Amino acid sequence: MKHFWRKVCALVVCACSLLGCAPSHPGRVVVGSKNFTESFILGEMIAQQIEAHANLRVERRFYLAGSYICQQAILAGRIDVYPEYTGTALTAILKQPANGDKEAVYQRVKSEYEQRFGLTLGPALGFNDTFAMEIRGEDARRLNVKTLSEAARLAPQWRAGFGYEFMERPDGYPGLAAAYGLHFAEQPRIMDLGLLARALKDHQIDLAAGNATDGLIPALDLVALEDDRHYFPPYEAVPVIREQTVAQHPEVARALAELGGKISDEEMRQMNYEVDAQHRDTRDVVREFLQRKGLIAGTDPSTP
Amino acid sequence: MNVIRFMVENQAQVLELTLEHLWLVGVSTFLATLIGVPLGILIAHRRQLNRPVLAGANIIQTIPSLALFGFLLPVPWLGARSDRLAILALTLYALLPIIRNTYEGIRGVDAAVLEAGRGMGMTEVQLLFQVELPLAMSVILSGIRVAAVISVGLATIAAAIGAGGLGEFIFRGLAMVDDRVILAGAIPAAILALLADFSVGWLERRLRLR
Amino acid sequence: MSAENTNPAIEFRDVAYRVGETQVLSGFNLHIARGETLVLLGRSGSGKTTTLKLINRLATPTSGEVLVNGASACESDVIRLRRGMGYVIQEVGLFPHFTVARNIGLVPKIGGWPEEKVRARVEELLQLVGLPAELASRYPHQLSGGQRQRVGVARALAADPNILLMDEPFGALDPLTRDELQREFLLLQRRLRKTVVFVTHDLREALRLGSRIALMEAGRLVTVLSPREFLTSPDPWASAYVRAFGDGLESAANRGAS
């Protein structure tokens with residue numbers, strides 16, 4: 001009887017010590033992403049860049065459901081790098097008020113991450129995916145409206161449509177309305193994000209909140225109004241990496257550094273459009289982009 | 001089959017997530033046993049505490065798991081890391097079956113045996129370790145078995161708050177609308193539950209009096 | 001004879017015991033001499049089992065004193081007190097997860113006896129109670145009722161206590177086995193000369209086994225008589241018992257019906 005229990009205990013101890021080891025990824029890098037198109041594209045880009053330049057196996061763990069999940073995953077070492085936005089990192093994860101320009105926000109996020117979490121940021125990828133107030137192209141041209149301040153004068157004649165989160169977040173609609181003195185004819189309608197662009201096109205609403213890099217902006221001839229009072233914080237896309245990964249694989253940091261500043265707002269919109277509207281494979285879109293930029297080998301098939 | 005091929009191609013990830021899942025379930029079941037068995041022994045001997053303790057454990061069980069995860073998120077040290085949080089929540093959920101079965105197991109020991117033991121001059125501690133616990137062990141293990149199986153299921157929900165484990169496959173698969181990924185999480189989870197049930201059940205049977 | 005031998009082994013001085021609203025025992029006074037077999041006879045509810053439990057402190061008196069070997073039971077270390085007495089109950093209460101040998105050797109084991117000594121004692125006791133040595137490695141559920149109770153007696157005698165408390169030990173057995181065990185009890189007692197307090201509701205058993213019979217009714221001690229005296233006693237309760245049990249009691253009273 002005693003021997004039986006001793007065996008059981010030994011088994012349990014073995015099992016525990018096995019499980020006690022934190023997950024480590026010898027010789028491979030795990031890239032995560034959130035669950036929307038732009039995030040996959042960036043995740044895929046990071047993955048392909050590392051594969052090409054760092055000679056490491058890359059595992060992709062995309063579709064993680066949001067900043068919190070990604071943060072937990074990277075803290076626990078389940079993923080090694082994922083694309084985040086500086087503004088989101090500042091407000092949602094560091095829980096600090098969003099103010100300051102691009103450079104200041106980037107530096108603040110970087111130093112806090114390094115101090116508190118053992119994470120660091122690669123250089124910003126080049127575009128600012130901030131909130132964009134969109135109006136129809138025809139209205140923009142006819143009324144000669146380019147900025148939000150100009151739009152604010154016309155707001156009483158317009159109907160607005162926003163997503164639920166934008167309406168509720170204090171740094172969303174409430175703050176925006178205060179900053180620009182926006183007053184619409186009626187309460188803005190709350191709609192599903194996917195339907196906003198359509199509704200705008202179909203004249204059901206005259207102004208919608210979207211993202212600056214929405215693929216549908218060029219496709220549907222929409223115009224993003226300029227945030228001339230700089231109400232929205234910068235949302236620069238950056239790769240967040242574990243310091244441990246950088247230490248073990250410095251070639252990863254170098255590979256990511258090469259991506260710095262390579263994607264403009266326009267280029268990001270184009271890639272989003274190709275994946276969302278044209279339903280092209282993310283991997284192909286990303287590979288073509290990297291080839292075009294000379295970051296990976298191979299000729300761009302579309303150049304004559 | 002597609003799922004099998006997917007799991008083989010991604011075996012490193014499947015293995016990693018399975019181990020994570022086992023860690024969540026293992027640690028929480030272990031902690032729940034550490035807390036629950038002594039509590040069960042206590043209330044079996046002090047009947048007055050019986051109702052409040054069982055009622056407390058019952059209330060915890062009725063809170064929907066996702067809600068419990070949500071409540072605990074703002075807590076300072078715990079909420080910072082969701083696997084800590086998940087382990088705490090899973091431990092809380094495992095308490096009721098363990099406490100209750102320990103209580104029932106000990107109360108089920110034949111009163112004549114206890115009287116004889118006491119009359120012969122055994123101390124309460126000797127009675128507890130040499131008579132009550134060995135005789136109640138099968139029932140206690142049954143409670144631990146139920147707790148472990150429940151934990152395997154609940155741990156899949158823990159992925160919703162970022163604690164990892166096989167639930168991550170399920171949630172990602174749902175977002176991707178990809179069955180293979182969903183099943184790559186669901187199938188191992190089901191197998192784990194069956195394994196837990198079977199292995200603890202085997203221990204139970206060995207210890208049950210013929 | 002030294003003065004020690006004439007001191008009572010167990011003494012009850014004005015003992016009363018109350019549980020909630022019920023007065024279970026009242027005004028109880030009794031001396032139990034060394035080496036005698038004192039039978040507590042009475043019907044259900046007479047308080048006889050409670051009286052027994054007051055001796056090994058499974059119950060404590062509400063008032064009055066119980067003395068064991070001259071010392072107050074309530075002031076002695078309860079564990080030492082109990083280990084110095086053998087306790088046999090009707091349901092036997094063998095540990096189902098222990099072998100017969102481990103059951104018998106329990107008190108010596110927790111008393112710190114060395115392995116060898118315990119094993120030798122178990123063998124000795126099995127022989128004493130008339131059980132074959134191979135039974136030592138069996139489990140209680142593999143034994144018959146009579147065998148189980150023999151093990152119960154062996155267990156009670158294991159640490160060689162001076163006092164033996166027995167609460168209707170043969171009550172759950174069939175008449176043949178009961179007769180066998182009663183006979184063996186008499187033989188054992190002749191050899192060992194323990195102080196035995198024996199509870200029963202069976203007059204025949206009381207007459208056969210007891211050196212004195214303490215008749216109890218409704219928590220009071222009615223009378224204490226030798227078996228012969230009991231049969232011819234004018235006391236109304238005693239004669240009621242004799243009538244209830246019918247014929248053939250003399251032979252029981254004469255003891256040693258072989």
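What share of the contacts in chain B with a separation of 6 or more comes from residues 24 or more positions apart? In this predicted model, such residues account for 73% of those contacts.

**Chain B**

Chain B contains 10 helices and 0 strands. Its pattern along the sequence is accordingly written α-α-α-α-α-α-α-α-α-α. Along the principal axes, the C-alpha atoms of chain B occupy a box of roughly 65 × 40 × 25 Å. Chain B has 210 residues, and 49% of them count as buried.

**Contacts between chains**

There are 2 pairs of chains that touch, and the pair with the most contacts is chains B and C. Chain A and chain C share no contact; the closest C-alpha atoms of chain A and chain C are 11 Å apart.

Where chains B and C meet, 15 residues of chain C are in contact with 15 residues of chain B. On the chain C side, three elements each supply at least two residues: helix H3 (78-83), strand E6 (85-89) and helix H5 (106-110).

| Class | Residues of chain C on the side that touches chain B |
|---|---|
| nonpolar | 9 residues |
| polar | 3 residues |

Notes. Residues are numbered from 1 along each chain as its sequence is written. Chains are lettered from A and ligands numbered from 1 in the order in which they are written. This is a predicted model: local features need pLDDT of at least 70, side-chain atom pairs count only at pLDDT 80 or more; totals for chains, interfaces and linings use all residues. Two residues are in contact if their C-beta atoms, placed from the backbone, lie within 7 Å. Helices (H or I, at least four residues) and strands (E, at least two) are DSSP runs, numbered from the N terminus. Ala, Val, Leu, Ile, Met, Phe, Trp, Tyr, Cys and Pro count as nonpolar, Asp, Glu, Lys and Arg as charged, and the others, Gly among them, as polar. A residue is buried if 20 or more other C-beta atoms lie within 10 Å of its own, exposed if 12 or fewer, and partly exposed in between; C-beta atoms are placed from the backbone.
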